[in-house]
Amino acid sequence: MSFWEYANPVKFLKLSGSLLPYVSILAAITIIAGLSWGFFFTPDDYKQGATVKILYVHVPSAFVAINAWFMMLVASIIWLVRRHHVSALAAKAAAPIGIAMTIIGLVTGALWGQPMWGTWWEWDPKLTSFLILFLFYLGYIILWAAVEDPDTAADLTSVLCIVGSVFAVLSRYATNFWNQGLHQDASLSIDKEEHVADVFYYPLIVVMAGFVLLFVALVLLNTRSEIMKRRAGAIMVRSGI
Amino acid sequence: MLFGQGGGFGLSLAFFFILVVFFPFAIGPNLDLLSKVAPGTLWVGALLACLLSLERIFALDFEDGTLDLLVTSPIPLEGVVISKAIVHWLTTGLPLVLLTPFLGVLLGLQNSNVIFLIISLILGTPALSIIGAFGAALTAGMKRGGLLLSILVLPFYIPTLIFGAEAARRGIEGFETQTSILLLLGVSLLSWAILPFAAASVLRINLR
């Protein structure tokens, strides 16, 4: 048994089909539990009041948005090295979810920024680099849609994803250099000093786990439908429709 | 050869000129204000003018089959990409840089300050050319490649634009410029180091 066995579309469909219900239910439970814990059973912040609760949507969506790109990068490299179609399709499947999470992160950030900083938008490095991430997602998705031959599309988007990662990281540090920020430091990091307070921390972790599970469920679902779409296409070609 | 092919060279230069001349019409004839936005205007103008001529890097050669011959020739495809990008810079980037002092006058820049813009453009426009060559390689052979090319390439231009315009702005406002110039140079060199390989691999995919 090796991990690569599941690169076979049939095996992948079987495994993902049996996993999908569990992952989805688990995602729903953790998100509902985490959000209701966060929304109703934690105190308001002494400075920010109830707006601090935007944190429970803002941080997880931003986290998933960045890591979705990272997952696409890994899947693209696997596609280029080992030519497993499932990998290419998983990268394709993750992109719309990533861009949706980016938009959620930006919008919740704006809603939070308005009462706290007095502005919907500020050209702060973190905000700016998220906007840039959005542009990279956009280019990636548009390139997938523009190329007709599926293998060529997979190849081109994989190279775009790899080179794009280099330039996205460059842009991240360029924006750091370009403007000093309003945004607070990382809400979650190894360094305990800069953490959010524990009361907010535990529900946040639960919601984050929920968002990650949601991401996994959606990627599995999208990848499955991509595989099936391709099969349907092959059947249509074969039967001459 | 590139000069002869239907005036793509003159066009982007003319576009740069017109774009920069139109800014005062939009912002108003206040030279103080114009000189403040001059670095940004010239940088965005250069970037858009560069974008305009990118499609021609590979599209024509792709259509008439020259690219197939170049792939089978003994020169590595990476070398072809590099020479194409150099030619693109010589016919687009360099003329833009040469035109900058005159446009600087129109935007109310002091003569001594124009030098910062020239330095930042000389160091930055090569990056625009090689990044553009990568984008052109990605979209070679697509029917509506032009618009797609712009959408794909523009995010890649962000670091160059930030460091380039920052260097010019800092120079004009009298701050130290060394850091931003070195970073700009770094972005240019990094682009020239990795993108020829990426562009060549993408071309091979497109020619399959």
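A residue is called buried here if 20 or more other C-beta atoms lie within 10 Å of its own, exposed if 12 or fewer do, and partly exposed in between, with the C-beta atoms placed from the backbone. Leu189(B) is partly exposed, because 13 other C-beta atoms lie within 10 Å. This is a predicted model, in which local features need a pLDDT of at least 70 and side-chain atom pairs count only at pLDDT 80 or more, while totals for chains, interfaces and linings use all residues. Residues are numbered from 1 along each chain as its sequence is written, and chains are lettered from A and ligands numbered from 1 in the order in which they are written.

Leu189(B) belongs to helix H9 of chain B, residues 178-207; helices (H or I, at least four residues) and strands (E, at least two) are DSSP runs numbered from the N terminus. Between the C-alpha atoms of Leu189(B) and Pro39(B), which are 150 residues apart along the chain, the separation is 22 Å. The pLDDT, the predictor's confidence in each residue from 0 to 100, averages 88 over chain B, and 96% of the residues score at least 70. For the complex, the predictor gives an ipTM of 0.88 and a pTM of 0.89.

Chain B contains 9 helices and 0 strands. Its radius of gyration (taken over C-alpha atoms, and compared with a globule rule of 2.2 Å times the number of residues to the power 0.38) is 18 Å, close to the 17 Å that the rule gives for 208 residues, so chain B is as compact as a globular protein of that length. Along the principal axes, the C-alpha atoms of chain B fill a box of roughly 55 × 35 × 25 Å. Of its 208 residues, 50% count as buried. Two residues are in contact if their C-beta atoms, placed from the backbone, lie within 7 Å; of the contacts in chain B with a separation of 6 or more, 80% join residues 24 or more positions apart.

Helix H8 of chain B (residues 158-172) is mostly covered, with 14 of its 15 residues buried. From its first C-alpha to its last H8(B) reaches 21 Å, close to the 21 Å expected at 1.5 Å a residue, where the expected span is 1.5 Å times one less than the number of residues. Gly174(B), which follows H8(B), has a positive phi near 85°. In chain A, the 28 residues of helix H2 (residues 55-82) should span 40 Å at 1.5 Å a residue, and its end C-alpha atoms are 40 Å apart, which agrees. Just after H2(A), Arg83(A) takes a positive phi of about 55°.

A nonpolar core is a set of buried Ala, Val, Leu, Ile, Met, Phe, Trp, Tyr and Cys residues joined through C-beta atoms within 7 Å. The largest such core has 131 residues, and those with the most contacts inside it are Phe134(B), Ala137(B) and Ala199(B). Helix H6 of chain A (residues 198-238) supplies the largest share of this core, 15 residues. Apart from its neighbours within four places in sequence, Ala199(B) is in contact with Val81(B), Ala133(B), Phe134(B) and Ala137(B).

The contact between the chains takes 22 residues from chain A and 21 residues from chain B. On the side of chain A that touches chain B, the elements giving two or more residues are helix H4 (125-146) and helix H5 (150-178) of chain A, and H5(A) provides the largest share, 14 residues.
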